[in-house]
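Please view the sequence and the model below, then read the points grouped by topic.

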Amino acid sequence: MLKLAREKMSATARPLVEVSDLSVRFVSRDLDISVVNGVSFAVAAGEALCILGESGSGKSVTLRALMRLLPPIAQIGGRIALDGRDVLALGAGELRRIRGALVSMIFQEPMTALDPVFTVGTQITESVVAHDGVSRTAGRRRALELLELVQIPSAKRRLDAYPHELSGGLRQRAMIAMALSCRPRVLLADEPTTALDATVQIQILLLMRELMRDLGMAVIIVTHDLGVACEVADRMAVMYAGRFVESGSALALMERPMHPYTQGLLRSTVHGGMRGEALDPIPGAPPDLADLPSGCAFEPRCPAKEACCATCDPPARHDTGHFIRCIHG
Amino acid sequence: MSMFMRSRVGFDGSPATASALDRGGPAQPLLIVDGIRKYFPITSGRFGGAATYVKAVDGVGFEVAKGETLGVVGESGCGKSTTARLLIRLIEPDAGTIVLDGDPVGGPRGLTLREMRRQVQMVFQDSYASLNPRLTIKDTITFGLKANGIDRMTAARRAQTVLDLVGLNPSMFDQRYPHELSGGQRQRVNIARALAVEPRLVILDEAVSALDKSVEAQVLNLLRELKRRLALTYIFISHDLNVVQHVSDRVLVMYLGKVIELGPVDLLYQRPLHPYTEGLLSSRLSMSPRKRIDKPPLSGDPPNPINPPSGCRFRTRCHLAEDICGRLEPKLGAPSGGPHVVACHARTPSSGHSAAGTAGPTITFPSP
């Protein structure tokens, strides 16, 4: 499996994931909300990008747009290329073929993402058979390999377990196994450890880091947890009200954040050794996407705002790999 | 009205006096919990007989001093939320006693549930599910007051006061419905509702866990400020070790329905005694990509509370486990004689564990 995956990641030097000016609007008779407003990024093979943001910032919708896992009322604009293929132009059949094989996703809540009436082994076997066209016996053999790959103890016995018979950590491992079943080259993860206990969370993060290294996938992780991002990300992007407000290498972002929102987020996160001190929160709450302020969306909460922030769009600037959308910095 | 005159800043502009309810004086713990137990039966088998039990809380005891914040940590399924629900009697305990400022709760001579709940209030994790979607914010807050026999006018005034207290402008918010508020605002309403009956003890069960980080910090600051102004006592339950460290004076660690360690926050975080606490603390993620964790501090998941391991319940994941741990259940004790107690054979002199030594304070603890 490892070898195959390495062979697949072969030649091309261009990034596996290329997104430019992505926008997502939910439109129905009584609804018109722009959830993602012009997001661009690229992820190369073997690289992990973490998208950080609060609830409602559009981070999960961005991730789902990459696989077109959005409801029919979603209107996706811009360009998404996975391994050079234009995802937005694919027909239903092609889309089904690339889901799982080229790109796959790990969800937050394994109990709802796995089918409760089939055993873990059956579910993995099914997707292997469907994509690779092998026999069920071969599919099941591969399912066992996968459970071993994600370090599920006594994997052979666990093949016949139903999702409810597994603990939260094992369920999440099973879901990772399923996501890897067709050797995807792009792995998406939506809050992969948020539902887990701290002691299990770190086990899953270490497993993901190991798999990323061994399989050379391009990985995009969405999280609200700075600690999780620090543990796995090569690069980070901070999202606010449907836009990237800052992105750069994990180190640069954590040690020299430039956008006032990123700075506020770092300041307001409780970490060790702050006992009893008053925290320094960002005032207010994230904006309602249906009613975005004009100008910079962060302006109402921003401690460094200036007169023009309320009216004009903040300029986007690149500075040696560090991107920021703000008049300052 | 006398019971509403406890706090230094009276809600209704009442003069600041010592509480009429502070009966035991400052040295009397506000809450003494002893040996509470809750086994949930699992009906199984053809005849619906209760064959097995989930031992959710199995003999938990602790004290909470007046004005302190007791943090409670542990993994999911360790019984921390069940303990909270037992304290406020949303679930009836199978055994054990709860004493509130010298008065036992329940029983012929004890406090009635109504009297107890006037002094003990709770804030839950899910801010939306814990509000009635068909009541306005004002009605939500006055509901409990009216149920406690306070007249409509006073209740309405109190609602305004507590909304102000939690930073929500009453004229803007009191006619709104829960769905019109953000998560942080809803949790402020829940806090306001809990405070409206002027409780002495507030149990916060994962009260900030569902909030975004920037909002979480606001609510934590609010809780701190309210505690100071209203002389409150908190039991703060959370799975977030950093948040617990930030707010607590003492911390209680639970594992599979048992208290395994309890101590002052600084001691416990700097020198955890129980191997589980040590593992739990080292599972905290750092805020720097330079300080990544290379090896999981604990392996496996918490075992099933239906059939917990014999002896020490942690031994199946413990790197110090020995023969003795499977045979004998460790009891809470203070190896150094201080306020820091632990239930672990390896830390108990003369327990028969090879790491324990024989007696005296000669044990050396691994530094975290």
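Leaving aside residues up to four places away in sequence, Val64(B) touches Pro29(B), Leu30(B), Leu31(B), Leu70(B), Thr233(B) and Ile235(B); two residues are in contact if their C-beta atoms, placed from the backbone, lie within 7 Å. This is a predicted model, in which local features need pLDDT of at least 70, side-chain atom pairs count only at pLDDT 80 or more, and totals for chains, interfaces and linings use all residues. Residues are numbered from 1 along each chain as its sequence is written, while chains are lettered from A and ligands numbered from 1 in the order in which they are written.

**Val64 of chain B**

- Val64(B) belongs to strand β2 of chain B; helices (H or I, at least four residues) and strands (E, at least two) are DSSP runs, numbered from the N terminus.
- Val64(B) is buried because 23 other C-beta atoms lie within 10 Å.
- A residue is called buried if 20 or more other C-beta atoms lie within 10 Å of its own, exposed if 12 or fewer, and partly exposed in between, with C-beta atoms placed from the backbone.
- Val33(B) is 31 residues from Val64(B) along the chain, and their C-alpha atoms are separated by 8.5 Å.

**Domains of chain B**

- Chain B is divided into domain 1 (2-248) and domain 2 (252-362), with bounds that come from an automatic or database domain assignment.
- A distance of 29 Å separates the C-alpha centres of domain 1 of chain B and domain 2 of chain B.
- The contact between them involves 24 residues of domain 1 of chain B and 18 residues of domain 2 of chain B.
- On the side of domain 1 of chain B that touches domain 2 of chain B, the elements giving two or more residues are β2 (50-64), β3 and α8 of chain B.
- Of these, β2(B) gives the most, with 9 residues.
- That side of domain 1 of chain B has 11 nonpolar, 9 polar and 4 charged residues; Ala, Val, Leu, Ile, Met, Phe, Trp, Tyr, Cys and Pro count as nonpolar, Asp, Glu, Lys and Arg as charged, and the others, Gly among them, as polar.

**A sheet in chain B**

- Seven strands form an open sheet with mixed pairing, in the order β6-β7-β8-β3-β9-β10-β11 (chain B); two strands pair if DSSP finds at least two bridges between them.
- The edge strands, β6 (120-123) and β11 (341-342) of chain B, each pair on one side only.
- Strands β6(B) and β7 (residues 201-205) of chain B run parallel and are joined by 4 bridges.
- Met122(B) stands opposite Ile203(B) of β7(B).

- In helix α10 (residues 275-282) of chain B, 7 of the 8 residues are buried, and the helix is mostly covered.
- These buried residues are Pro275(B), Tyr276(B), Thr277(B), Glu278(B), Gly279(B), Leu280(B) and Leu281(B).
- The buried residues of α10(B) pack against α9 (198-215) of chain A, and in chain B against β3 (69-73), α8 (241-247), β9 (250-255), β10 (258-264) and α9 (265-270).
- Between the two chains, 35 residues of chain B are in contact with 37 residues of chain A.
- The elements giving two or more residues to the side of chain B that touches chain A are α7 (213-230), α8 and α10 of chain B.
- The largest share of that side, 8 residues, comes from α7(B).
- By class, the side of chain B that touches chain A holds 14 nonpolar, 14 polar and 7 charged residues.

**Chain A**

- Chain A contains 12 helices and 12 strands.
- Its C-alpha trace spans about 70 × 50 × 45 Å along the principal axes.
- Of the 329 residues of chain A, 47% count as buried.
- The mean pLDDT of chain A is 89, and 95% of its residues reach 70 or more; pLDDT is the predictor's confidence in each residue, from 0 to 100.
- Residues 1-12 of chain A have a pLDDT below 50, and this stretch has 15 contacts in the model beyond near neighbours in sequence.

**Two loop residues of chain A**

- Arg183(A), although not a glycine, has a positive phi of about 50°.
- Arg183(A) lies in the loop between α8 (168-179) and β7 (186-190) of chain A, and Arg183(A) counts as buried because it has 21 C-beta neighbours inside 10 Å.
- Thr320(A), also not a glycine, has a positive phi of about 40°.
- Thr320(A) is in the loop between β11 (316-319) and β12 (322-325) of chain A, and Thr320(A) counts as exposed, with 7 C-beta neighbours inside 10 Å.
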